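Here is a quick tour for anyone meeting this protein for the first time. Have a look at the model, then read on.

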Amino acid sequence: MIVIVIGGIISGIFTATEGSVVAVVYSLILSLFFYKSIKFSELPKIFLDSAEMTGIIIFLIGVSSIMSWVMAFTGIPTAVSEAMLGISNNRYVILFIINILLLIIGTFMDMTPACLIFTPIFLPICQALGMNTVHFGIMMIFNLCIGTITPPVGTTLFVGVKVGKTKIENVIKPLLLYFTAIFIVLLLVSYVPILSMWLPGLLGYV
């Protein structure tokens, strides 16, 4: 599956969104005809459960998009940028503040609107500090990805909870240790550029 999906995206055969469809179809074929872990009679219930789960996620993304519009309309991102520059000119302090803001933003907003709104605000600041654009992109996406596994929006977290047939309150405590490790890695990615840049540099992208 990894070879088919990643290979198809990189080669341009299909987009990332279409790749997810290919992955689902591939998994379904394997489950029905090879592993026989799914019966045809079970398909209606599977489709119904999938529709229910998708409805929850789409609702969360919709609410997140509304919030992003409100923020853009009220000029909150610009105010945040100006306030941040007024605090300090120190590179490490600014990066720390940006990380904190992106972590907070990621818990309430979906990645796509968050990227569209905050990239034009934070990117010039980071460039002024001498930060490579690829490094900034990796740091930003890392932050927003953490938001997908943290409440209250946490789309990936809700999918995992639904698949695992459990409750949010049952998984938060076990996840705290993993959150700690993730935050440590985030700081390393932010403050040690070589961790983010060596592979793109090796491939000639920077």
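This is a predicted model: local features need pLDDT of at least 70, side-chain atom pairs count only at pLDDT 80 or more; totals for chains, interfaces and linings use all residues.

## A walk around the model

The ring partner of Phe-33 is Phe-40; their centres sit 5.9 Å apart and their planes meet at 65°, so the pair is edge-to-face. Phe-40 has 53% relative accessibility and counts as exposed.

Then there is a tilted pair, Tyr-92 with Tyr-191, at 5.6 Å from centre to centre and 40° between the planes. Tyr-92 belongs to helix α5 (residues 91–108) and Tyr-191 to helix α9 (residues 168–191), so this pair ties together parts that are 99 residues apart in sequence. Tyr-191 is partly exposed, with a relative accessible area of 26%. Searching the whole structure turns up five aromatic pairs, and these two are among them.

**The overall build**

Now step back a bit. The protein comes to 10 helices and zero strands. Its C-alpha trace spans about 65 × 40 × 35 Å along the principal axes. The protein has 206 residues, and 31% of them count as buried.

**Charged partners**

In general, side chains of opposite charge can pair when their charged atoms come close. How many salt bridges does a search of the whole structure find? The count is two, and here they are side by side.

| Salt bridge | N to O distance |
|---|---|
| Asp-49 and Lys-45 | 2.9 Å |
| Lys-162 and Glu-52 | 3.0 Å |

Asp-49 and Lys-45 both sit in helix α3, four residues apart, which is about one turn of the helix. Asp-49 counts as partly exposed at 30% relative accessibility, while Lys-45 counts as exposed at 54%.

The other bridge joins two helices: Lys-162 lies in α8 and Glu-52 in α3, so the pair ties together parts that are 110 residues apart in sequence. Lys-162 is partly exposed, with a relative accessible area of 31%. Glu-52 is partly exposed too, with a relative accessible area of 41%.

**Empty space**

Rolling a probe the size of a water molecule over the atoms shows where empty space is left. The largest pocket holds about 940 Å³ of space. Its lining is made by 23 residues, and Val-24, Ser-50, Met-53, Thr-54 and Val-163 lie nearest the centre. Which elements give two or more residues to that lining? They are α2 (16–34), α3 (43–74) and α8 (155–164). Helices α3 and α8 also came up above, as the places where Glu-52 and Lys-162 lie.

There is also one cavity of 30 Å³ or more. The largest cavity has a volume of about 50 Å³, and the residues lining the cavity include Gly-106, Met-109, Asp-110 and Gly-147.

**A nonpolar patch**

Last stop: a nonpolar surface patch of about 1100 Å², with Ile-184, Leu-188, Trp-198, Tyr-205 and Val-206 among its residues. Helices α9 and α10 (194–202) each supply at least two residues of the patch. The largest share, five residues, comes from α10. One of the patch residues is Ile-194, which lies in helix α10. Ile-194 counts as exposed at 55% relative accessibility.

Methods:
Residues are numbered from 1 along each chain as its sequence is written. Side-chain values use heavy atoms; hydrogens and water are left out. Rings of Phe, Tyr and Trp (its six-membered ring) pair if their centres lie within 6.5 Å; planes under 30 degrees apart count as stacked, over 60 as edge-to-face and the rest as tilted. Buried means under 20% relative accessible area, exposed over 50%, partly exposed in between (1.4 Å probe, protein chains only). Patches are made of residues with over 30% relative accessible area and no salt bridge: like charges are joined within 9 Å, nonpolar side chains (Val, Leu, Ile, Met, Phe, Trp, Tyr) within 5 Å. Accessible areas come from the Shrake-Rupley method with a 1.4 Å probe; for residues, only the protein chains shown count as cover. A salt bridge is a side-chain nitrogen of Lys or Arg within 4 Å of a carboxyl oxygen of Asp or Glu. On a 1 Å grid over the protein atoms alone, a cavity is a set of points where a 1.4 Å probe fits but cannot get out, and a pocket is an open set with protein on both sides within 12 Å along at least five of seven lines; lining residues have an atom within 4 Å of a point. Grid points are joined across faces, edges and corners, and a volume is the space filled by probe spheres set on the points.
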